Amino acid sequence: MFKKTILCIGAGYVGGPTMAMIANKCPDYKVLVVDINDERIAEWNSGKPPIYEPGLEELVNTNLNKNLFFSGNVAEGIAEADIIFVSVNTPTKTYGKGAGKSADLKFWELTAREIKKYSKANKIVVEKSTLPVRTAKAMERILHAGNPDVHFEVLSNPEFLAEGTAIRDLNTPDRVLIGGNETDSGQKAIQELIDIYSHWVDADRIITSNVWSSELSKLVANAFLAQRISSINSISALCEATEANVKDVAKAVGMDSRIGSKFLNASVGFGGSCFKKDILNLVYLCEHYGLPEVAEYWEQVVLMNDYQRNRFVEKIIQSMFNTLAGKQITLLGFAFKANTGDTRESPAIYVAKSLLDEQANIVISDPQALDYAKKDLADCVGNIEYCEDPYTATTGSHAILIMTEWNEYKDLDYKKIYESMEKPAFLFDGRNILDHANLHKIGFNVYPLGTPPLLNI
Ligand code: UDX
Ligand code: ADP
């Protein structure tokens with residue numbers, strides 16, 4: 001018999017791994033994950049998760065159908081649950097007021113209404129998706145409207161996991177943050193959530209605050225991380241102009257213990273479902289509260305990211321004699337980072353589209369992300385080939401672009417690749433992961449990030 005039933009609504013990148021970890025660490029709880037996407041649920045139930053994440057499959061299969069269950073029956077799940085985590089998607093709005101900046105809350109509000117409809121007893125509702133500050137309050141109002149007999153206590157418990165390292169991040173989190181009301185029932189609900197996390201997280205890493213601080217902390221953490229990337233990317237442009245090397249600068253700067261070395265890798269730009277969305281959310285909030293200077297300050301982080309992607313494309317065009325028409329260009333990597341098949345906001349999407357606009361023929365290779373790549377580029381006109389094998393993908397190409405920092409790209413036989421390419425052969429390392437001096441020796445015209453190119457012709 002289980003002590004309590006935990007329900008998670010939304011079986012995506014956040015809900016799936018988080019619940020698999022809770023089920024694994026809390027055998028005394030029943031963990032049920034529901035989703036309106038039946039195909040996704042069927043994949044979770046098959047033991048082969050619909051998302052690629054190192055260590056996830058093993059974790060799911062250890063607990064599947066013991067205390068971890070996946071179902072398409074949202075109503076039944078809500079009725080049964082004591083604690084409901086909400087991790088449905090909250091993309092940036094594409095229409096109406098706040099379009100392009102504020103979060104689209106339609107999935108989230110639908111969920112709140114469903115929780116209200118099917119709840120017959122008191123429940124704790126936990127916001128897991130990143131939501132605009134004060135959403136929990138709105139959720140509380142929807143849940144209680146016309147439903148006086150059932151009490152809902154809404155908590156904010158933002159997820160800080162990063163894709164590709166989700167299982168490690170969940171297993172040893174830097175911190176678990178729980179925001180709740182300062183009332184007695186709010187504090188009691190916080191304690192219920194602490195009881196769950198205490199199964200494996202040390203007490204000093206579980207911190208609490210009011211709901212709004214918790215909601216805001218998630219946005220701010222992501223804004224700070226993205227800001228570091230935009231900062232180093234801005235310096236990469238200066239390094240290319242001055243013959244400094246951005247890697248050396250990042251190393252020297254990062255060794256200052258007050259600054260730290262993480263998130264200082266210059267790249268073609270950050271992607272992922274969170275950074276841009278969360279910063280734009282923050283910008284929208286600041287504008288809403290009449291703080292235009294603060295809004296502008298944070299918006300610059302996103303603008304710098306756009307600049308970096310544009311700069312990358314312009315460098316390709318200029319260095320390849322100002323024409324890409326009819327040339328074959330291979331993108332090695334399409335995922336927004338290594339160790340995930342996720343392509344949301346991947347800089348590769350933007351780069352691929354820009355190359356197609358220039359009438360290049362593009363070949364896309366990625367060990368995990370080709371299915372999503374095909375969907376992302378479905379509406380594009382032009383010649384696009386998809387090919388998992390990097391050697392086949394690069395044969396006959398004029399240029400290679402390293403778009404994702406997959407480990408396997410570090411160990412390819414670049415001599416063999418060079419021999420199979422059109423000459424002069426170009427290589428643009430959008431992730432700065434390759435041995436540029438060696439590539440230069442092989443014969444490539446090499447364009448690293450944040451340091452001048454190494455040219456053979
Ligand atoms: C991020 C946050 O890290 C995580 O805490 C939050 O819960 C969700 O958003 P995620 O987007 O999965 O996680 O990946 P992250 O590792 O943060 O990388 C985001 C993007 O930044 C990737 O495109 C990555 O390649 C890029 N990046 C990261 C850099 O360009 N340079 C770096 O130094 C680090
Ligand atoms: P995240 O990265 O935030 O986890 P995903 O898009 O990977 O986002 O996952 C969100 C999941 O939420 C999707 O599988 C989607 O089908 C599901 N979802 C959206 N709305 C609802 C809803 N009303 N009820 C149940 N599941 C929902």
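**The shell around ligand 1**

A: In this predicted model, the shell around ligand 1 takes at least three residues from each of domain 1 (4-209) and domain 2 (210-457). In total, 19 residues surround ligand 1, and the closest of them are N265, S267, F270, G272 and C274. Among the elements that contribute, helix α9 (residues 211-242) supplies the largest share of the shell, with 3 residues. Sorted by class, the residues around ligand 1 comprise 11 nonpolar, 5 polar and 3 charged.

The chain is divided into domain 1 (4-209) and domain 2 (210-457), and the centres of the two, taken over C-alpha atoms, are separated by 32 Å. Their contact involves 30 residues from domain 1 and 27 residues from domain 2. On the side of domain 1 that touches domain 2, α6 (135-144) and β7 (176-179) each provide at least two residues, and β7 gives the most, with 3 residues. That side of domain 1 consists of 14 nonpolar, 11 polar and 5 charged residues.

Turning to another element of the chain, helix α1 (residues 15-25) is largely enclosed by the rest of the structure, because 10 of its 11 residues are buried. The buried residues of α1 include G15, G16 and P17 at one part of the list, and I22, A23 and N24 at another, with T18, M19, A20 and M21 also buried.

Terms used:
Residues are numbered from 1 along each chain as its sequence is written. Chains are lettered from A and ligands numbered from 1 in the order in which they are written. This is a predicted model: local features need pLDDT of at least 70, side-chain atom pairs count only at pLDDT 80 or more; totals for chains, interfaces and linings use all residues. A residue is near a molecule or strand if its C-beta atom, placed from the backbone, lies within 6 Å of it. Helices (H or I, at least four residues) and strands (E, at least two) are DSSP runs, numbered from the N terminus. Ala, Val, Leu, Ile, Met, Phe, Trp, Tyr, Cys and Pro count as nonpolar, Asp, Glu, Lys and Arg as charged, and the others, Gly among them, as polar. Domain bounds come from an automatic or database domain assignment. A residue is buried if 20 or more other C-beta atoms lie within 10 Å of its own, exposed if 12 or fewer, and partly exposed in between; C-beta atoms are placed from the backbone. Two residues are in contact if their C-beta atoms, placed from the backbone, lie within 7 Å.
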